[in-house]
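Let's take a friendly walk through a protein chain together. Please open the sequence and the 3D view side by side, and keep both at hand as you read.

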Amino acid sequence: MKLSQLAETMPAPAPLAIGNAIRERINKGEQIYNLTIGDFSPLLFPIPQLLEDAIIEAYQNKQTNYPAPEGNADLREQLSAFIRHFQNLYYTPAEILVASGGRPLIFAAYQTIVDRGDKVIYPVPSWNNHYYVQLSGAQGCAIETSADNNFMPTAEDIRPHLKDAVLLALCSPQNPTGACYTQEQMKAISDMIVKENSRRGDDEKKIYVLYDHIYNLLVQNSAKHTDPVSVCPAMKAYTIFTDAVSKNFAATGVRVGWGYGPQEIIGKMKTVLSHVGAWAPMAEQKALAVFFNDLSGVEEYLYNFKRKIARRLEDIYTGLMALKQEGLPVEVIAPQASIYLTVKVDIPGDIFNELLDEGIAVIPFSAFGARKADQWFRLSVGTCRLEDIAPILQKFRKLLMRKVEMVH
Ligand SMILES: Cc1ncc(COP(=O)(O)O)c(C=O)c1O
């Protein structure tokens, strides 16, 4: 049967496909430490208790009708305060759109800005941009990043591609690396975008930044979260933010996200999504408005949640660094944010299947569109128990020792 060109050519998202294949093997009884998924074990990382209680209560109160297509007014009021509290930015409820997670908002932003054949710039490795490019029929301009620039494209990396581009898709903290932009890097990019837009004539499309900061509250250590509008207020006219409860509150299955940006663009995104029907469920919206009404409770949840993530990231990082100091061929970047570690096993060959044979599942950067980041991979701690860490490190050591002995 011949279906649409899109259906015939659109692959399933690679990180999901890998994660599902591993889960199937585990269900069949294989012993695998599944460090692939960008999700949380609800037993280790439950959602906030107040949010859970408020969701149940909302259903008991029969909050089961269609929500408003732009998101319920009470939730958008709370989101406005939430954005002010955590980002020190002022967005009115009319500049905020609620949807069922980060994905539909990213989809709607692409559909709103990009025409078929338009140029979209994005870094690789990055989460799913190559699929959104394909969905929108855009001409993708992938910038390969490397450990040298912390896997974050700088203004200098982007500048040569800027002409004619209509969208620059950025994400910080980045998935798969957990790396964050510095304020200086963000400022250089933002100034460049403002300058490029003032160079363009009235009959030309502008370039917008889609700023996906879904891990923005999971920043650790000395790293600080930043964004285009905070470092360059003129970017308010050209920035579309996307965020969600999915990662910051371990609530991937709750399905509430929000986008914010210029009112006209947010209004068009709302229309696009109205045809998809990707609204966040009524009861979850009601509950989130209750949860966000208690910002000190939100802070308290984040404090404990981040500490638990940091412990895992730090312990695996320290363990892998010790292996490196033993002279074993492994690289690891110090964790900055999110639930991910960036690791490289510096041995030629199919390292991912060899790790899997050892009982460790990770996701290669090639699954995030990278073509040159050969042996780098993402290691997620979202389902990692503290007692798993020692055996995981032992397995790494065993594989690395065996490989080094084979070389000698
Ligand atoms: C960077 C990034 N953006 C967006 C999403 C999608 O989030 P949601 O589950 O809210 O659709 C993910 C999920 O993995 C992600 O990692």
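The paragraphs below go from the whole chain to some of its local details.

A word on the ground rules comes before the tour. This is a predicted model, so local features need pLDDT of at least 70 and side-chain atom pairs count only at pLDDT 80 or more, while totals for chains, interfaces and linings use all residues. Residues are numbered from 1 along each chain as its sequence is written, and side-chain values use heavy atoms, with hydrogens and water left out.

Start with the overall build. The chain has 15 helices and 13 strands; both are DSSP runs numbered from the N terminus, with helices being H or I over at least four residues and strands being E over at least two. Along the principal axes, the C-alpha atoms fill a box of roughly 65 × 55 × 55 Å.

Next, look at how the chain packs. Of its 408 residues, 56% count as buried, meaning under 20% relative accessible area with a 1.4 Å probe and protein chains only. Among contacts with a separation of 6 or more, 75% come from residues 24 or more positions apart, where a contact means heavy atoms within 4.5 Å. The accessible surface comes to about 17800 Å², and carbon and sulfur atoms hold 52% of that; areas come from the Shrake-Rupley method with a 1.4 Å probe, and for residues only the protein chains shown count as cover.

Leaving aside neighbours within four places in sequence, L295 is in contact with A81, F82, H85 and F86. L295 and A244, by comparison, are 51 residues apart in sequence and 16 Å apart in space, C-alpha to C-alpha.

Now to the cysteines. How many disulfides does the structure hold? The number is zero, with a disulfide being a pair of cysteine sulfur atoms within 2.5 Å. The closest cysteine sulfur to that of C171 is in C180, and at 9.7 Å it is too far for a bond. C180 is likewise in no disulfide, the nearest cysteine sulfur being that of C171. C171 counts as buried at 8% relative accessibility, and C180 is buried too, at 4%.

The backbone also has some details to look for. Most residues other than glycine have a negative phi, and most peptide bonds are trans. Where do P173 and P176 sit? P173 lies in the loop between β5 (165-171) and α8 (183-199), and P176 is found in the loop between β5 and α8. A cis peptide bond joins S172 and P173, with omega about -10 degrees. The bond from N175 to P176 is cis as well, with omega near 25 degrees.

Two residues have a positive phi to check. N128 has phi near 65 degrees and is found in the loop between β3 (119-124) and α6 (129-136). F151 has phi near 60 degrees, and its place is in the loop between β4 (139-144) and α7 (155-158). Are these residues buried or exposed? N128 is buried, with a relative accessible area of 6%, and F151 is buried with 1%.

Methods:
Buried means under 20% relative accessible area, exposed over 50%, partly exposed in between (1.4 Å probe, protein chains only).
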